[in-house]
Amino acid sequence: EEEKADYKARIKELLKARNATLVAHYYTDPEIQALAEETNGCVADSLEMARFGRDVEADTLIVAGVRFMGETAKILSPNKTVLMPTLEATCSLDIGCPADEFSEFCDQHPDRTVVVYANTSAAVKARADWVVTSSIALEIVEHLDSQGKKILWGPDRHLGNYIQKQTGADMLMWQGACIVHDEFKAKALGQLKQMNPDAAVLVHPESPSTVVDMADAVGSTSQLIKAAQTMDNKRFIVATDKGIFYKMQQLAPEKEFIEAPTGGNGATCRSCAHCPWMAMNGLQAIEQSLVDNSGHEIFVDDELRDKALVSLNRMLDFSA
Ligand code: 13P
Ligand code: SF4
């Protein structure tokens, strides 16, 4: 604890000295979210992280999250230095959607509007017509569907299926998944629900459809936090990364939050409701990135940037 306090104090000095701002996702460890709060940074979902990073007056952004969030920040703020605690923090959706293969898939369906989830590389965003995050995906697909557009969707198949069901849009799916949410199990959740009949079930739509079908509220991280605050229930079963409990507990201190079951009865799972890449963001790594950019700085190729900016701006303008 004392060591943590030392790290925090040094990071605060470095942030000031470099006119740097910390931008953190709800899935990062509580101490990082707290540090972002204490230093006028932001803790947010992926849409709000993008917007905040673009609009904040700072020379440097430290993006505590995963790679695509750092890339998005750099695309939107080419004149800011964008650092990440570690450049190794990737995402299974990004890994499962290589730009060349995805581009070929798009080429085979030239009649479709390409809509990609923000959890992708800059190159995949550059190939897309629209970028969406889970906060805004439903509205954007609804909008495209109302214009009679057929959609090619990637990479998260669970989010895609959820949106397809809600909107009835014509969507052809890339078959990617998030290794964290893919582990939530409907059968075990049903048992937990039976034992806690008063608890409302909150589910992130990257979860399998059998789990989504059991939800009382489905939404992005920020929408789930809002649901925890506004729903009358006193207890909630939460199917998303457990990093989110920090903010839920902070904003609804009188309520109780229970982890949704992963991988059956405590059996082995690859991620156990905490993203291994989000977990790479530590205080030591944040300090290092501020001491020396090298090995921490995000760069995006100019040509890719120009193209990815178009699809990203469509989302940001739509949601403005
Ligand atoms: P949101 O915060 O936009 O809901 O995204 C969740 C996520 O998967 C980030 O990795
Ligand atoms: Fe990717 Fe899932 Fe981790 Fe989010 S939680 S970064 S979607 S692997």
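I began at C275, which touches Y27, V180 and D241 once residues up to four places away in sequence are left out, and here contact means that two C-beta atoms, placed from the backbone, lie within 7 Å. The model I am reading is predicted, so that local features need pLDDT of at least 70 and side-chain atom pairs count only at pLDDT 80 or more, while totals for chains, interfaces and linings use all residues. For my own bookkeeping, residues are numbered from 1 along each chain as its sequence is written, and chains are lettered from A and ligands numbered from 1 in the order in which they are written.

**The cysteines**

I placed C275 in the loop between helix 14 (263–266) and helix 15 (283–291); helices are DSSP runs of H or I with at least four residues, strands are E runs of at least two, and both are numbered from the N terminus. C275 counts as buried because 25 other C-beta atoms lie within 10 Å, the cut-offs being 20 or more for buried, 12 or fewer for exposed and partly exposed in between, with C-beta atoms placed from the backbone.

I then looked up the UniProt record, an unreviewed entry, which gives the feature "binding site" at C91, C178 and C275. These positions are spread over 185 residues of sequence, yet they cluster in space, with a largest C-alpha distance of 9.1 Å. I note that the record's positions follow the numbering used here, that feature names are shortened, and that annotations may be inferred rather than shown by experiment.

C91 sits in the loop between strand 4 (81–83) and helix 5 (92–95), and I count C91 as buried because 26 other C-beta atoms lie within 10 Å. Apart from neighbours within four places in sequence, C91 is in contact with V66, R67, F68, N119 and W277.

**The ligands**

Around ligand 2 I found 14 residues, the closest being V66, C91, C178, V180 and C275; a residue is near a molecule if its C-beta atom, placed from the backbone, lies within 6 Å of it. The shell around ligand 2 holds 10 nonpolar, two polar and two charged residues, where Ala, Val, Leu, Ile, Met, Phe, Trp, Tyr, Cys and Pro count as nonpolar, Asp, Glu, Lys and Arg as charged, and the others, Gly among them, as polar.

Ligand 1 has a shell that includes H25, D45, N119, C178 and E206, and by class that shell divides into two nonpolar, eight polar and two charged residues.

**N281**

I found N281 in the loop between helix 14 and helix 15, and N281 counts as buried because it has 26 C-beta neighbours inside 10 Å. Neighbours within four places in sequence aside, N281 is in contact with T28, D29, I32, A64, P85 and A89.

**Domains and the whole chain**

I read the division of the chain as domain 1 (2–90 + 278–299), domain 2 (93–173) and domain 3 (181–266), with bounds from an automatic or database domain assignment. The contact between domain 2 and domain 3 takes eight residues from domain 2 and 12 residues from domain 3, and the domain 2 side has two nonpolar, five polar and one charged residues.

Of the 320 residues, 51% count as buried.
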